[in-house]
Amino acid sequence: MTAISLGIPSVPIKLADRRVSRRIQVGSVAVGGDAPVSVQSMTTTVTADVGATLQ
């Protein structure tokens with residue numbers, strides 16, 4: 001089987017060092033520090049419904 005190149009670079013051997021940040025609260029959401037990444041959706045549709053979301 002032949003590998004197909006998609007032009008995607010390989011994963012670097014060492015990722016860049018992360019900048020130290022402090023954790024703050026924005027309303028009830030923790031941001032920065034060791035808080036998990038939060039994502040805000042800018043749509044009112046179910047994002048699994050691609051057609052409705054793109055519309």
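## Close-up views of a predicted model

**Figure 1. Residue G51 in helix α1.** G51 is also found in helix α1, where its relative accessibility of 48% places this glycine among the partly exposed residues.

**Figure 2. Overall form of the protein, shown for orientation.** The secondary structure comes to one helix and two strands, and these elements follow the pattern β-β-α when they are read along the sequence. The radius of gyration of the protein is 19 Å, whereas a compact globule of 55 residues would have a value near 10 Å. Taken along the principal axes, the box filled by the C-alpha atoms is roughly 50 × 40 × 15 Å. Buried residues make up 4% of the 55 residues, and the protein exposes about 5800 Å², of which carbon and sulfur atoms supply 60%.

**Figure 3. Residue S28 between the two strands.** The loop between β1 and β2 holds S28, which counts as exposed because its relative accessibility is 73%. Along the chain, S28 and T47 are 19 residues apart, and the separation between their C-alpha atoms is 23 Å.

**Figure 4. The salt bridge between D34 and R23.** A search of the whole structure finds two salt bridges, and in the one shown here the side chains of D34 and R23 meet at 2.9 Å, N to O. D34 lies in the loop between β2 (29–31) and α1 (50–54), while R23 lies in the segment before β1 (24–26), so the pair ties together parts that are 11 residues apart in sequence. The two partners fall into separate accessibility classes, since D34 counts as exposed at 64% relative accessibility and R23 counts as partly exposed at 45%.

**Figure 5. The salt bridge between D17 and K14.** The side chains of D17 and K14 also meet in a salt bridge, with an N to O distance of 2.8 Å. Both D17 and K14 are exposed. As a general point, side chains of opposite charge can pair when their charged atoms come close.

**Figure 6. The largest pocket and its lining.** The largest pocket has a volume of about 220 Å³. Its lining includes R18, R19 and S21, together with A30, V31, G32 and G33, and it continues with A35, P36, V37 and S38. Sorted by class, this lining has five nonpolar, four polar and two charged residues.

Note on methods: Residues are numbered from 1 along each chain as its sequence is written. This is a predicted model: local features need pLDDT of at least 70, side-chain atom pairs count only at pLDDT 80 or more; totals for chains, interfaces and linings use all residues. Side-chain values use heavy atoms; hydrogens and water are left out. A salt bridge is a side-chain nitrogen of Lys or Arg within 4 Å of a carboxyl oxygen of Asp or Glu. Buried means under 20% relative accessible area, exposed over 50%, partly exposed in between (1.4 Å probe, protein chains only). Helices (H or I, at least four residues) and strands (E, at least two) are DSSP runs, numbered from the N terminus. On a 1 Å grid over the protein atoms alone, a cavity is a set of points where a 1.4 Å probe fits but cannot get out, and a pocket is an open set with protein on both sides within 12 Å along at least five of seven lines; lining residues have an atom within 4 Å of a point. Grid points are joined across faces, edges and corners, and a volume is the space filled by probe spheres set on the points. Ala, Val, Leu, Ile, Met, Phe, Trp, Tyr, Cys and Pro count as nonpolar, Asp, Glu, Lys and Arg as charged, and the others, Gly among them, as polar. The radius of gyration is taken over C-alpha atoms; the globule rule is 2.2 Å times the number of residues to the power 0.38. Accessible areas come from the Shrake-Rupley method with a 1.4 Å probe; for residues, only the protein chains shown count as cover.
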